[in-house]
Amino acid sequence: MAQADWDLIIIGAGPAGLTAAQYGARSNLRVLVIEQFAPGGQAVNIDRLENYPGIAPEKSGWEFAGDLHRQAENFGAEFLTDSVVSLVKEEGLFRARLGGGGARRAPALIVATGAGHRTLDIPGEEEFSGRGVSYCAACDGPFFKGKKIFVVGGGDAACDEAQYLSRLSSQIVLVHRRDRFRAQKAVAGRVLGNPSIQVRFNTRMLEIKGDKQVGSVVLEETPAGSAGLAGPAGPGSAGLRRYEEDAAAVFVFTGSVPQTSFLDGIGLEKDKSGYLVTGQDMATALPGLFVAGDVRASPFRQVVVAAGEGALAAHSAAAYIDECKGEAYR
């Protein structure tokens, strides 16, 4: 059997990956976490983490992610800044090939790559990305202080980010294609009661216009109760009111897409949306491969859920490694 570099490799350093790193290292495993960006994943964009048990007073997602990172390092986990471009299993070991060259090998692996932002797929979105179109309010909101900002979406993320942006400008317009929010009641209630946020239900964005920067948006009212799909208008939109309005920025929070492209070809089960399917122990059908966090098929995606899954995945991985110790994978 080939020689392993590590006992456990964790791909992704969001709350799931960082918690898995803690639990793996505390089990006396040699743990490597591979993350292409800063540790914390999408959690770093949370303005106030108010619903994580035991966090009082509230912390920002950035502070919380920093705590998780330090804990994992203190327990002995090591970190590598790189991307994983492909994964294969050979001679009883997983080989994670890195974007920067080379590979790392381990008998057990946890995929905790999370999910990326879903785009609107409308004219102007890609053209003005980084020039007024953004997917991170904490990152780019300060550039638009006092200006008219549109936020697109109706879930927790859209409402949270609109709340954050309302501290920077009193001209926040939150558009949602449905007639009610999908966000939790407490989160939605704060938005509806915020005088700096104008909420427009049954509205979708059709186009983003501008010169060098975002300058305006084209909106369309959707029938009450309609899903009102985003994107260029189709045949069924005849007669609906369209209008153009000035805008300095557009922040998009319309859902997420699981980050699984590097797993193509190894036969993992996915649901219809592309999320990875596991058993209750976070194990996939491929022995030694576990999944945790927002990349996993789950009815409820929250930081606390991701952390719990990370702990369970690490526990299952440690048990799997114990079963493998009769083989000379080191």
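**A walk through a predicted model**

F94 is buried, with a relative accessible area of 1%. F94 belongs to strand 5, which covers residues 93-98.

Let us turn next to helix 4. Eight of the ten residues in this helix (residues 156-165) are buried, so the rest of the structure largely encloses it. The buried set consists of D156, A158, C159, E161, A162, Q163, Y164 and L165. If you look around the helix for the partners of these residues, you will find that they pack against two helices, helix 3 (137-140) and helix 5 (185-192). They also pack against strand 10 (149-152), strand 11 (172-175), strand 12 (197-200) and strand 16 (249-252).

Rolling a probe the size of a water molecule over the atoms shows where empty space is left. Here the count comes to one cavity of 30 Å³ or more, and the volume of the largest cavity is about 90 Å³. What classes of residue make up the lining of the largest cavity? Six are charged, one is polar and one is nonpolar.

Now for the backbone. Most residues other than glycine have a negative phi, and most peptide bonds are trans. With that in mind, visit the loop between strand 2 (31-35) and helix 2 (61-74), where P57 is found. The peptide bond that joins A56 and P57 is cis, with omega about 0°. Two further stops concern phi. N202 has a positive value, near 50°, and is a residue other than glycine; you can find N202 in the loop between strand 12 and strand 13 (203-210). Its relative accessibility is 15%, so N202 counts as buried. M282 is not a glycine either, but its phi is positive at about 70°. This residue sits in the loop between strand 17 (256-258) and strand 18 (289-291), and M282 is buried too, at a relative accessible area of 4%.

The aromatic rings come next. A pair of aromatic rings is described by the distance of the centres and the angle of the planes. The model has four aromatic pairs. In one of them, Y52 and F64, the ring centres are 4.8 Å apart and the planes meet at 55°, so the pair is tilted. Because Y52 lies in the loop between strand 2 and helix 2 while F64 lies in helix 2, the pair ties together parts twelve residues apart in sequence. Both Y52 and F64 are buried. For F144 and F251, the centres are 6.2 Å apart and the planes are at 85°, so this pair is edge-to-face. It links distant parts of the chain, with F144 in the loop between helix 3 and strand 10 and F251 in strand 16, 107 residues apart. F144 counts as buried at 11% relative accessibility, as does F251 at 0%.

Our last stop is where charge meets ring. The charged end of R26 sits over the ring of F75, 5.4 Å from its centre. R301, in turn, lies over the face of Y275, at 3.8 Å from the ring centre.

Methods
Residues numbered from 1 in each chain as written. Predicted model: local features only at pLDDT ≥ 70, side-chain atom pairs only at ≥ 80, totals over all residues. Heavy atoms only, no water. Helix = DSSP H or I, 4+ residues; strand = E, 2+ residues; numbered from the N terminus. Buried < 20%, exposed > 50% of the residue type's maximum accessible area, 1.4 Å probe, protein only. 1 Å grid on protein atoms, 1.4 Å probe; cavity = no way out; pocket = protein on both sides within 12 Å on 5 of 7 lines; lining within 4 Å. Points joined across faces, edges and corners; volume = space filled by probe spheres on them. Nonpolar A, V, L, I, M, F, W, Y, C, P; charged D, E, K, R; others polar. Contact = heavy atoms within 4.5 Å. Phe/Tyr/Trp six-rings, centres within 6.5 Å; stacked < 30°, edge-to-face > 60°. Lys NZ or Arg CZ within 6 Å of the ring centre and 35° of its normal.
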